[in-house]
Amino acid sequence: MPENGYSSADIEVLEFDEAVRRRPGMYFGVSLDDPRLPANVVRVVVDHAVHPAPHLAGPHSPVVEVAILGDLSFSITDDQLCPAERCRVPEHGYFGSLLGPDRWASAAAAALSRRTIVEVWQDGSGLRQELAGIRPAGPPRRFAAPRGRGTTVMIELDPGCLGVDAAIGTDIEALGRCHGDDCVAEILRGATVDDRRE
């Protein structure tokens, strides 16, 4: 191999959350110092909820509700199926959390957060878990589940990661809009966005 060749010694293996924090552009399209990052985080999470994996949403259009709770906090609720039967902890959840690869966008957003709360429910059975970043602050706990099925992820982005003046912009009209060739306009309901900031 040439002197300047590439070898396994040049490879750095990162945990998922560290990879997101070092290179958020790979997940959200912009760098940490870009003022658009908070809005892009919301947009990517919404787009992923509106266009879930087929085994989660089946033949229906997901119902997605987004609430902007503060300049760096938001929640997203959808009616997708729990990835595990009766909403048990997924086998492959990131770091033992309720967020697995089926929810990679929410997990990537959690990696940039200081606090995330995840609730999943189905058929009267519900689990709630608090995360510090994407790492569980404790095990999932049962809670009195609402009717139907769904998932709520509430995320408080970390100002230490994003910068002092970072904020989710007020131009949120484009959130949840259909993008790309994989959209099926006839069945897409999109997302309802409620900006609760005063």
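Which residues line the largest cavity? In this predicted model, local features need pLDDT of at least 70 and side-chain atom pairs count only at pLDDT 80 or more, whereas totals for chains, interfaces and linings use all residues. Residues are numbered from 1 along each chain as its sequence is written, and side-chain values use heavy atoms, with hydrogens and water left out.

The lining of the largest cavity consists of Val-45, His-48, Ala-49, Ile-76, Asp-78, Gln-80, Arg-103, Ala-105, Ser-106, Thr-151 and Val-153. Two or more of these residues come from each of α3 (37-50), β2 (73-78), α5 (104-111) and β7 (149-157) (helices, H or I, of at least four residues and strands, E, of at least two are DSSP runs, numbered from the N terminus). The most is given by α3, with 3 residues. By residue class, the lining holds 5 nonpolar, 4 polar and 2 charged residues. A search of the whole structure finds 1 cavity of 30 Å³ or more, and the volume of the largest cavity is about 90 Å³. A cavity is a set of points on a 1 Å grid over the protein atoms alone where a 1.4 Å probe fits but cannot get out, and lining residues have an atom within 4 Å of a point.

Not counting residues up to four places away in sequence, Ile-76 is in contact (heavy atoms within 4.5 Å) with residues including Val-45, Ala-49, Thr-151 and Val-153.

Definitions and conventions:
On a 1 Å grid over the protein atoms alone, a cavity is a set of points where a 1.4 Å probe fits but cannot get out, and a pocket is an open set with protein on both sides within 12 Å along at least five of seven lines; lining residues have an atom within 4 Å of a point. Grid points are joined across faces, edges and corners, and a volume is the space filled by probe spheres set on the points. Ala, Val, Leu, Ile, Met, Phe, Trp, Tyr, Cys and Pro count as nonpolar, Asp, Glu, Lys and Arg as charged, and the others, Gly among them, as polar.
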